[in-house]
Amino acid sequence: MARKIILIWLAILSLYFICLLFFPHSDSPLSWQLNRSIQILLSVVSLFLLLKEPNRKNKFIFLNFFAYYSVSILFLVYDFTGKAFLTGYRYAQYLSYEYILIGYVFFLSIAIVYLVIDLLFRDFKISRKYFVTFAIVFALFGYYFHTFVEDPYYLYSSEDVKQLKTLLHYTSQHGEMPTTVDIANNVTLQSWSDGRATGDLYPEENLKRVEELVPYLDGGNFSILLWKPLYLKTISMNVYLVGFILLFFGYQYRKDPPQGAYIDKIMFTLLIASSLEILHNWSFIKSLEWGSLMELVSIGQYITVFAELMLVLFFALRLRFIISVQGMYYETELASNPHQITRLRDWIDNIVLAQFSNFKIFNGRLFQVPANKEASRSN
C-alpha cells in the first residue's frame with residue numbers, strides 16, 4: 001500500500017514537472033512547490049484512508065480531507081493559467097487564484113467543522129451532520145465572501161485600490177517621484193463604498209492617507225494592496241476554524257469520549273497549520289515591499305511544510321493502524337459500542353504521560369497500540 005501511495009504521488013508530480021518542461025508557466029518559489037507536493041501526498045493518503053476505513057462514519061471525515069487537499073492540484077494548474085492556456089484573457093491568473101484560494105479555505109472549513117460536529121453529535125445521522133456543517137460554513141462564507149460571488153473583480157473596486165489608482169495617475173505625469181506633501185497638496189483622495197465615491201477626504205486625513213499609500217506605488221507593491229481584502233477575510237475564517245478546533249479539544253477534555261485513532265493528533269496539527277495561516281496572511285497584508293514579502297512568505301512556507309509533514313505522519317499511522325487486526329477491532333467496536341470501549345492510547349500519548357505525569361499509574365489501564373509483535377502477544 002505504501003508503494004502504491006508513493007507511485008501515485010510521484011506520477012502526479014512527474015506529470016506536473018513534464019508540463020513545466022514543455023509549456024509556458026509562471027515560476028513559483030521552491031517552498032511553494034514543496035508545500036503543494038506535500039498536500040498532494042496528503043490527498044493520496046486521504047483517498048486510501050477513505051477506501052480502507054472499517055468505520056463507515058469515519059469515511060466521510062477523510063472524504064472531506066481528500067476534497068480539501070485535492071485543491072492543491074488546482075494550484076499546480078494555476079502555474080499554467082494565462083501562460084499555456086487562456087492566454088488571451090487578461091484576468092485569467094487573477095480570477096483563477098482568487099477562486100482557488102476561496103475554494104481552498106471552503107474545503108478546509110468543511111473538513112474541520114464536520115470533524116467537530118461528528119464529535120459533538122456522534123449519534124446524528126451523516127446527513128444531519130453534513131446539514132449542520134454546511135449551514136455553519138455557508139453562513140460564514142456568505143458573510144465574508146459573498147462580494148466575490150457577486151463581483152469577481154471586487155478587489156479592483158476596494159477603497160485602497162481606487163485611491164492608489166488616483167495617486168498612480170498623478171505620479172505617472174511626473175518624471176521624478178513627488179514628495180508626499182506635494183502629492184497631498186495636488187491630489188484630493190475620495191472615500192469609497194461599494195465601488196462608488198462618497199466624498200473627498202479632509203486635508204489632514206488626505207495627507208495621512210497619502211503617506212500610507214505612497215510605499216505601494218513602487219514596483220509590484222501594488223499587489224499587496226490588491227489582495228489585502230481577500231487575505232483579511234481568509235484570516236477571519238481561520239480564526240473561526242481555530243475556535244472550532246479549540247471547541248473540539250474542550251469537549252474532549254470535559255467528556256473524554258472514545259475517539260478514532262490519531263484523530264486528536266490530526267486536529268492538533270491542523271490547529272498549528274491554521275494558526276500559521278493566520279500569521280502568514282497577517283504578515284502579507286502588513287508588508288510594504290513585494291520583494292521582502294516573497295522572502296518572508298517562502299520562509300513561512302517551510303514552517304507550514306513541517307506541520308504538513310506531521311499530518312502525513314499521523315495520516316500514515318492511522319492508515320497502518322486501521323488495516324491491522326487490533327485496529328479493525330477497535331474501530332469496529334468504536335462504531336457499534338462506543339460507550340463500552342476504553343480510549344485508545346498510542347505511542348505519542350505514552351510520551352506525554354511519561355513527561356508530564358506518573359506513567360506507572362496509567363500503564364495498562366487504557367487500550368494501547370502495541371509497539372511490536374512481542375508486545376502484541378503479551379496484550
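Reader: Which helix gives the most to the lining of the largest cavity?

Author: This is a predicted model, in which local features need pLDDT of at least 70 and side-chain atom pairs count only at pLDDT 80 or more, while totals for chains, interfaces and linings use all residues. Residues are numbered from 1 along each chain as its sequence is written, and side-chain values use heavy atoms, with hydrogens and water left out. On a 1 Å grid over the protein atoms alone, a cavity is a set of points where a 1.4 Å probe fits but cannot get out, a pocket is an open set with protein on both sides within 12 Å along at least five of seven lines, and lining residues have an atom within 4 Å of a point. The elements that give two or more residues to the lining of the largest cavity are H3, H4, H10 and H11, and the one that gives the most, with four residues, is H10.

Reader: What is the volume of the largest cavity?

Author: The structure holds two cavities of 30 Å³ or more. Grid points are joined across faces, edges and corners, and a volume is the space filled by probe spheres set on the points. For the largest cavity this volume is about 100 Å³.

Reader: How many nonpolar residues does the lining of the largest cavity have?

Author: Among the residues that line the largest cavity are Gln39, Tyr68, Tyr104, Leu270 and Glu308. Ala, Val, Leu, Ile, Met, Phe, Trp, Tyr, Cys and Pro count as nonpolar, Asp, Glu, Lys and Arg as charged, and the others, Gly among them, as polar. By class, this lining of the largest cavity has two charged residues, three polar ones, and a nonpolar count of seven.

Reader: How many helices does the protein have?

Author: Helices (H or I, at least four residues) and strands (E, at least two) are DSSP runs, numbered from the N terminus. Besides four strands, the protein has helices to the number of 15.

Reader: Why is the pair of Tyr68 and Tyr104 tilted?

Author: Rings of Phe, Tyr and Trp (its six-membered ring) pair if their centres lie within 6.5 Å, and planes under 30 degrees apart count as stacked, over 60 as edge-to-face and the rest as tilted. By this rule there are 35 aromatic pairs. The ring centres of Tyr68 and Tyr104 are 5.0 Å apart, and the pair is tilted because the planes stand at 50 degrees.

Reader: Is Tyr68 buried or exposed?

Author: The pair links distant parts of the chain, with Tyr68 in helix H3 and Tyr104 in helix H4, 36 residues apart. Buried means under 20% relative accessible area, exposed over 50%, and partly exposed in between (1.4 Å probe, protein chains only). Tyr104, with a relative accessible area of 11%, is buried, and Tyr68, at 5% relative accessibility, counts as buried.

Reader: Which helix holds Phe284 of the pair with Tyr231?

Author: The rings of Tyr231 and Phe284 have their centres 4.2 Å apart and their planes at 20 degrees, so the pair is stacked. Tyr231 lies in helix H9 (residues 222–255), and its partner, 53 residues apart in sequence, lies in helix H10 (residues 263–286). Tyr231 is buried at a relative accessible area of 9%. Phe284, at 5% relative accessibility, also counts as buried, and its helix is H10.

Reader: Which helix gives the most to the lining of the largest pocket?

Author: The largest pocket has a volume of about 1100 Å³. Of the 43 residues that line the largest pocket, the closest to its centre are Trp32, Phe75, Tyr78, Tyr97 and Tyr231. Helix H2 (30–52), H3, H4, H9, H10 and helix H11 (290–322) each supply at least two residues of this lining, and the one that gives the most, with eight residues, is H4.

Reader: Which residues does Phe107 touch, not counting residues up to four places away in sequence?

Author: Phe107 has its place in helix H4 and is partly exposed, with a relative accessible area of 30%. Contact means heavy atoms within 4.5 Å. Not counting residues up to four places away in sequence, Phe107 touches Ala67, Tyr68 and Val71.
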